[in-house]
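Have the sequence and the 3D view open as you read.

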Amino acid sequence: MGMTHVVDRRLNGKNKSAVNRERFLRRYRQHIKKAVADAVQKRSITDIERGESVSIPSRDIHEPIFHHGQGGKREMVHPGNQEFVAGDEIAKPEGGGGGGSGAGQASPDGEGMDEFAFQITQDEFLDFLFDDLELPNLARKKLKDTEAFTWQRSGFTSQGVPAKLDVVRSLRGAHARRLGLSGARRKKIRELQEQLAALKSAPDDLDPAFSHADQIEALESEIARLKANVRRIPFIDEIDLRYRQHVKKPKPATSAVMFCLMDVSGSMTQTHKDIAKRFFILLYLFLKKNYKKIDVVFIRHHTSAKEVDEEEFFYSRETGGTIVSSALKLMHKIIESRYSPDEWNIYAAQASDGDNWNDDSPVCGKILAERIIPLVQYYSYVEITPQDHQMLWYEYQKVMESFPQSFAMQQIADPAEIYPVFRQLFERKAA
Amino acid sequence: MTDTIEHPKLPNREQVRPDPISTGSEWTFDLIRKYDEEIAKCAEEFGLDTYPNQVEVISAEQMMDAYSSVGMPVGYHHWSFGKQFLNTSKGYQRGQMGLAYEIVINSNPCIAYLMEENTLPMQALVIAHACYGHNSFFKGNYLFRTWTDASAIIDYLVFARNYVAECEERHGVEAVEEILDSCHALMNHGVDRYKRPPPISAAEERRQQKEREEYVQRQLNDLWRTIPKMGDEDDDPERRRQRYPSEPQENILYFIEKNAPLLETWQREIIRIVRKLGQYFYPQRQTQVMNEGWASFWHYTLLHRMYEKGLVTDGFMLEFLQSHTAVIYQPPFNSPWYSGINPYTLGFSIFSDLRRMCENPTDEDREWFPDIAGSDWVETLHFAMRNFKDESFIQQFLSPRVMRDMKFFSIENDDQEDVFRVTAIHDDPGYRPLREKLARQYNLSYREPNIQVWNVDVRGDRSLTLRHIPVDRVPLGEDADEVLRHVHRLWGFDVHLESVDEGTVVAEHHCPPRDLNDG
């Protein structure tokens, strides 16, 4: 009998199965993507940001082995007999099958098919959701990024331009240097002055032969010499100068702003808004995958535009006509005042039912093309309507023709189309 | 169905003043060591011979990891283990499934995992069950002695994992995954049941790898050299009738490893690795009732001995007995929880009854088991543990008493009849047939279809023919075609599978599927 070793393995890594789990997810990528796409349709908007339970038909992940099938003659021993005696006959249940073999196999053609269900994390969920999608024009911005620097203070240096001179620190340095350099002499001066004072305060001897006048004179001249010496120490020297140092730090372009523009005029029903909301949320999640920090600006408009918070954006109702350009103008104004394109990746999504005051549509096209598209990474327009397009759509089409890289538009008729349309808008374009 | 099992009763304590090792239910490493020491002393009293133990305390997450790699402490990477893991963690997180209290590895030293969540009585139960029960079974049972080499397995697993990882690097994850998928489909057909295999050894493997590479290539050349060129079919009927292999081979994986014409060396090595793992698990598949029964009998017996010695408290025993009763619970056939015979119950009942027959034999026992009734129980149980597998163990030791207690009965389901027939029950005329039927139920070749390599068309299209011998007309399950696709992937040429019942072909499977018009 051997000795027993007791080992504490709890601190060893868990997640030994991580690789195998990852292999599994990779193998069933297509299944999982489909489940994720379905989930997006069904989920309520507020809880989209969590993991997901994914189901795959068991037969697809089944590992086949040779085993017995149904049929033939089988005999099985079971426990728990109550009233049977040898020779009893028991009618087989309708349908022939019967439980004798105990191998309750599910039929492969879907009926009673059991599912293999498992959880994926939120990150995995988003990865699958946005698989093969990419943010358009990310490359362009990346190039720019290398030029986007911030200056950051990083201590002091002895060289620099006068504008960066730190007066207080320089003078403090000078003062210290003066004290350091003059210390010995000022001590001497103090001593001599004490002697001088002692001599001067001594009772005056009448006998000139014993007069202190010589000594006093000598002391005074020595003190004067030392003082002159001290005075020659420069008040401020080149080596005292301290400049504030700034270094250039490349600024990561991890901040993005997303503009949500929505028509809230009377013609937009709650269904329209829900569709729009789902679309905005997809965009938000997608951006979140790529950027650390995202600002969201909600602009709603009917005949005039207003920046509002999320709650008001989605749930308050308005009546009346529509002037889309009001929202575009407001967006431009906000960009100019708060989101410099040098620092921000700007994305915009506009949702509308296509209604607009006809005279306004050409104005919209013009504002977009001239003032907004040049500033943004990507502008997407979704028109939520099952009906024919109106003027606005055709104006926007012109914009799309001139800016195919940074402008895209699609039509959505019912909620099931949101995700496919979103995918179309952000499909990875072949390089 | 607790009434079928003797109600656990606390034994009388010897005339010792109880001086329990501990009274609380929280465990510490010190306490685990103390309990282990005392359990070891009890085990020695009963002559249990074990490998040294290595007890590893792990967390629940780690237990799930261990679970998913089918009890291999080190495993190569494969998606199916990931699937297993997702399944386990899902069940665990929903609370549908408790994790196993323990996992024990047939290795030397014998590795047993204890979960940190267990209470102290549970840890003691697991130590008795795994470190002394299973451990002594691994060391003593003839199947394990023949088929596995406890001192080499860990090394071999490490070797296997590194080799597979190397292949993945060189040939890509997907290429390796394909081969592994196909091998896993045939893993149960990677063993020679009647030949003693050479022991597994990682060092030997590495040394031989090179040698094998050359040798196999030479062999292959010999086999295929005689192949006529296309359009030059060998018409000599005598030679065409000669089968290759001349005798049917049941070790399909071995046959493919050695004879598949197109496999690359690394692919053959991977087949070999899966085959060796199949070999390692082969004894476990045939001794589940015995192994679990033995371990349960000993945790029960050892902890009662501890109680007799005054080393554990009444509270400890109550908690232990509650777990014990749950483990050996057998739901009756008509219960919604019924899913076949619980191997823990059956094995525990037989071993316990063996002891009873030795100590308190009845007339019935003397009639049925003249050699056992009244004999030394420790010796008799050890003899039973060492020299049998489930099938022969049941045939040899299942007593009328246990059949009555478990209220066994057998049902015949013949697809040519409209009724199920009760063929035997736990009564005088029924005992022998019932025992035979139950024993047969644990015969591996009755549980799994009997499929052998029948022929390779060496002089023709190189196709491989497998032959299935049905028992009682039981056909192959619907997976057969899919498995055949895997065989086809490994073999590289057409593969046929025919079910031959008494000389007539009753079913055929082909890969690629044969066009009906082709005849």
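Strand β3 (residues 73-78) of chain A and strand β4 (residues 409-414) of chain B run antiparallel and are joined by six bridges. To find your place in this pairing, look for A:V77, whose bridge partner in β4(B) is B:S410. Keep in mind that you are looking at a predicted model.

Now widen the view to the whole contact between the two chains. Chain B brings 83 residues to the contact, and chain A brings 56 residues. On the side of chain B that touches chain A, the largest share comes from helix α3 (residues 79-93) of chain B, with eight residues. Sorted by class, that side of chain B has 39 nonpolar residues, along with 22 polar and 22 charged ones.

Next, stay with chain A and see how it is divided. There is domain 1 (18-61 + 114-129), then domain 2 (162-246), and then domain 3 (255-426). Between the C-alpha centres of domain 1 and domain 3 of chain A lie 30 Å.

Chain A also holds an open sheet, so let's trace its strands. Six strands follow the order β10-β9-β8-β11-β12-β13 (chain A), and their pairing is mixed. β10 (305-308) and β13 (407-412) of chain A each have a single partner strand, so they stand at the edges, with one side of each left without a neighbour in the sheet. From one strand to the next, the twist averages 20 degrees.

Finally, turn to a pair of helices. How do α10(A) and α11(A) lie relative to each other? The axes of helix α10 (residues 360-372) and helix α11 (residues 391-402) of chain A come within 8 Å and cross at roughly 25 degrees; α10(A) and α11(A) are therefore roughly parallel to each other. The crossing is right-handed. Among the residues that meet are A:L368 and A:A369 in α10(A), and A:Y396 and A:V399 in α11(A). The residues of this contact comprise eight nonpolar, three polar and two charged.

How values were computed: Residues are numbered from 1 along each chain as its sequence is written. Chains are lettered from A and ligands numbered from 1 in the order in which they are written. This is a predicted model: local features need pLDDT of at least 70, side-chain atom pairs count only at pLDDT 80 or more; totals for chains, interfaces and linings use all residues. Axes are lines fitted to C-alpha atoms, for helices over the stretch in contact, and angles run from 0 to 180 degrees between N-to-C directions. Helices (H or I, at least four residues) and strands (E, at least two) are DSSP runs, numbered from the N terminus. Angles under 35 degrees count as roughly parallel, over 145 as roughly antiparallel, 65 to 115 as roughly perpendicular and the rest as oblique. A crossing is left-handed if the near helix is turned anticlockwise from the far one by less than a right angle, and right-handed if clockwise. Two residues are in contact if their C-beta atoms, placed from the backbone, lie within 7 Å. Ala, Val, Leu, Ile, Met, Phe, Trp, Tyr, Cys and Pro count as nonpolar, Asp, Glu, Lys and Arg as charged, and the others, Gly among them, as polar. Two strands pair if DSSP finds at least two bridges between them. Domain bounds come from an automatic or database domain assignment.
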